[in-house]
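Me: I've got this one open on my screen and would like to talk through how it is put together. Can we start with how the helices pack?

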Amino acid sequence: WYQRRVRGFVVCRGIEVAVPEVEERFRVADLYRNNTPRLLCGYSPHHFDKLDKSVFCLDNSAKSAGFLEALLSDSWRKFQAGAFLYQYENFGLDRDWFQESFNVLEKVNLDYSSLLN
């Protein structure tokens, strides 16, 4: 039996997912206490919820709240500008779908941030 403490777990799913690039983004030392990433990465060629590619990250770090906030702000700005929406609409993801997703992520961010305070 081998036990290893892990701060983050990333799963990449789908065909042709750029696993090394995704893994590199989550190995940024600033995301972790003591600047020591302890990350476990996995890959599965199986699709999730009919999506060609998806990435899931589970993290146990207080710094992830700031990372999530920055990600939401940047994504919201791009969404408001209409960036890439026409490409997503070709696959059935309309503005309502994005709006609902942003609402869910904002709730997650608020809940997580309240746990840290």
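Reply: In this predicted model, helix α2 (residues 64–80) packs against helix α4 (residues 95–116) at an angle of about 160°, and their axes lie 10 Å apart. Because of that angle, α2 is roughly antiparallel to α4, and the crossing of α2 and α4 is left-handed.

Me: Ok, and which residues of α2 and α4 meet there?

Reply: From α2 the contact takes in S64, A65, L68, E69, L72, S75, W76 and F79, and these meet R95, F98, Q99, F102, L105, E106, V108, N109, Y112, S113 and L116 in α4. By type, the residues of this contact between α2 and α4 divide into 11 nonpolar, 5 polar and 3 charged.

Me: Which residues make up the largest nonpolar core?

Reply: That core has 7 residues in all, namely L68, L72, F79, L85, L93, F98 and F102. The elements giving two or more residues to this core are α2 and α4, and the largest share, 3 residues, comes from α2. As general background, nonpolar side chains in soluble globular proteins tend to be buried together.

Me: Let me follow up on F79: what is F79 in contact with, leaving aside its neighbours within four places in sequence?

Reply: With those neighbours set aside, F79 is in contact with L85, R95, F98, Q99 and F102. There is also a second, separate core of 6 residues, which includes V10, V17, F26 and L39.

Me: Zooming out, how many helices and strands does the protein chain have?

Reply: The secondary structure comes to 4 helices and 3 strands, and from the N terminus on the elements of the protein chain run β-α-β-β-α-α-α. Of the 117 residues in the protein chain, 23% count as buried.

Me: Changing topic, where is L51 found?

Reply: L51 sits in the loop between β2 (39–44) and β3 (53–59). In sequence L51 and G14 are 37 residues apart, while in space they are 7.6 Å apart, C-alpha to C-alpha.

Me: And why does L51 count as partly exposed?

Reply: L51 counts as partly exposed because its relative accessibility is 34%, and the partly exposed class covers what is in between buried, under 20%, and exposed, over 50%.

Notes
Residues are numbered from 1 along each chain as its sequence is written. This is a predicted model: local features need pLDDT of at least 70, side-chain atom pairs count only at pLDDT 80 or more; totals for chains, interfaces and linings use all residues. Side-chain values use heavy atoms; hydrogens and water are left out. Axes are lines fitted to C-alpha atoms, for helices over the stretch in contact, and angles run from 0 to 180 degrees between N-to-C directions. Angles under 35 degrees count as roughly parallel, over 145 as roughly antiparallel, 65 to 115 as roughly perpendicular and the rest as oblique. A crossing is left-handed if the near helix is turned anticlockwise from the far one by less than a right angle, and right-handed if clockwise. Contact means heavy atoms within 4.5 Å. Ala, Val, Leu, Ile, Met, Phe, Trp, Tyr, Cys and Pro count as nonpolar, Asp, Glu, Lys and Arg as charged, and the others, Gly among them, as polar. A nonpolar core is a set of buried Ala, Val, Leu, Ile, Met, Phe, Trp, Tyr and Cys residues joined through side-chain atoms within 4.5 Å. Buried means under 20% relative accessible area, exposed over 50%, partly exposed in between (1.4 Å probe, protein chains only).
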